[in-house]
Amino acid sequence: MSSTNLAWLRRLRWGAIGGQLVTMLVVRFGMGIALPLAPLLAIVALEALSNVALHVWRPTREGALGAVMALDVLLLTGLLYFTGGPNNPFSFLFLVSISLGTLILPGAWTWALVLLSLACSAVLFAFNRPLELGDTHAAHMAAHLRGMWVAFGVSAAFIVYFLRRVRRALAAREAELAASRHLAARQERLASLATLAAGAAHELSTPLSTIAVVATELERAIARLDVPAGVAEDVGLVRGEVERCRAILERMCADAGEVMGEAFETISVDELVARAVSGLEPRPEIRVAFDASARTLALRVPPRALGQALQGVLKNAQDATPAGRPVSLAVARVADRVELVVRDEGAGMPPEIAARVGEPFFTTKPAGQGMGLGLFLARTVVERLGGALTLDSAARAGTTARLSVPVRAEAAP
């Protein structure tokens with residue numbers, strides 16, 4: 001049984017108890033109609049005790065919820081028995097229980113509630129204690145019609161309240177499903193990129209090895225010949241860059257299998273930040289500011305994946321910041337989360353560009369300087385940990401990236 005439905009039913013029953021007590025007081029002392037208060041208050045007390053039991057017991061089966069609603073039908077029948085039976089204008093409150101049962105109970109229980117309500121209503125036609133609502137038929141009908149108007153308002157209020165709560169719950173569930181589908185789509189694209197990276201590393205390793213061998217032979221040949229020093233330096237540069245490419249491809253191949261399934265470890269915030277900053281260029285300068293409660297805070301995260309996500313955001317901020325100006329990184333703890341706020345002093349982005357940033361292979365950098373994957377990968381990793389990555393940017397106002405990660409993250413299913 002849904003705990004949400006149980007909580008709603010408890011609140012609804014407290015509202016019904018309050019409404020019943022107010023109605024009794026108004027009818028007895030406001031309208032001057034004699035009521036058998038002792039049995040009526042006993043029934044209301046029984047209803048209150050059953051609601052207290054629900055708070056303590058908290059049943060977990062659908063049948064328990066149906067039994068509670070069946071008890072409400074019986075208690076309503078008892079109240080109506082002492083107040084005129086079917087002549088009581090509140091007698092159609094049976095429909096409220098049936099309406100609520102239709103929303104929160106299985107089909108069998110709903111039909112059982114309908115049959116119980118019909119049986120109880122039929123019993124009231126044969127057995128009830130009539131009320132004197134007036135000395136004449138006209139006075140009796142006038143009081144009855146006023147009661148019907150009040151009963152209509154009460155029924156409408158309860159039904160609208162409950163249906164709106166159900167509607168909000170359904171909207172929240174739809175939002176959760178949409179977020180889950182969005183996250184699943186990101187994970188699929190990330191897996192595809194990982195496969196692509198591994199394939200590229202495998203395919204390019206052979207030609208790069210060939211280039212490295214040829215460059216080494218050229219260096220040896222040049223050493224035996226009388227050629228300008230600049231030529232030897234260029235060949236050495238080619239061989240060095242080839243080795244660098246091979247190292248990058250090896251890291252890509254490793255990342256393709258490790259980052260997606262990396263184990264969660266405990267790491268301090270300052271160590272995580274130090275790892276991310278250490279792999280970046282020294283210029284533009286990155287100025288780090290820690291909140292007092294955040295520096296030594298221990299995170300339970302996949303450190304390699306989260307460190308690369310932060311590094312990608314910082315690298316984008318460096319690329320956007322003019323020479324001579326710094327990039328700032330502010331680290332603070334907010335409730336059960338750690339927030340890492342990266343600010344650059346670049347030109348910012350207009351709204352139409354900011355709306356697309358984070359899409360795979362979308363970049364505003366010149367050709368050859370970026371593939372548009374940094375923010376996409378960073379956002380995917382952060383969302384996988386139950387966090388969020390948001391951007392705030394405007395033309396000529398710089399960009400602020402905010403990474404929010406739970407202190408003890410959990411991998412998204």
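Colleague: Which strands pair in the antiparallel sense, and over how many bridges?

Modeller: Strand β6 (residues 388–393) and strand β7 (residues 399–406) pair in the antiparallel sense, over 6 bridges. Two strands count as paired if DSSP finds at least two bridges between them, and the strands themselves are DSSP runs (E, at least two residues), numbered from the N terminus, as are helices (H or I, at least four residues). This is a predicted model, in which local features need pLDDT of at least 70 and side-chain atom pairs count only at pLDDT 80 or more, while totals for chains, interfaces and linings use all residues. Residues are numbered from 1 along each chain as its sequence is written, and side-chain values use heavy atoms, with hydrogens and water left out.

Colleague: Which residue stands opposite A401 in β7?

Modeller: In a regular strand the side chains alternate between the two faces of the sheet. Here, L391 stands opposite A401 in β7. The hairpin of β6 and β7 has 5 residues between the strands, and there R396 takes a positive phi near 60°.

Colleague: How should I read helix α5, and which of its residues are buried?

Modeller: The expected span of a helix is 1.5 Å times one less than its number of residues. Helix α5 (residues 107–126) has 20 residues and reaches 30 Å from its first C-alpha to its last, which is close to the expected 28 Å. Its buried residues (under 20% relative accessible area; exposed is over 50%, partly exposed in between, with a 1.4 Å probe and protein chains only) are T110, L113, V114, S117, C120 and L124. Seen down the axis of α5, the buried residues fall within an arc of 135°, so they line one face of the helix; the arc is that of the directions from the helix axis to the C-beta atoms. The face turned away from this buried side carries the exposed residues A108, W111, L115, L118 and A126.

Colleague: What is a salt bridge, and how many salt bridges are there?

Modeller: Side chains of opposite charge can pair when their charged atoms come close. A salt bridge is a side-chain nitrogen of Lys or Arg within 4 Å of a carboxyl oxygen of Asp or Glu, and by this rule the count comes to 8. In one of them, R402 meets E339, with the closest N and O atoms 3.2 Å apart. Because R402 lies in strand β7 and E339 in strand β5 (residues 337–343), the pair ties together parts that are 63 residues apart in sequence. R402 counts as partly exposed, at 32% relative accessibility.
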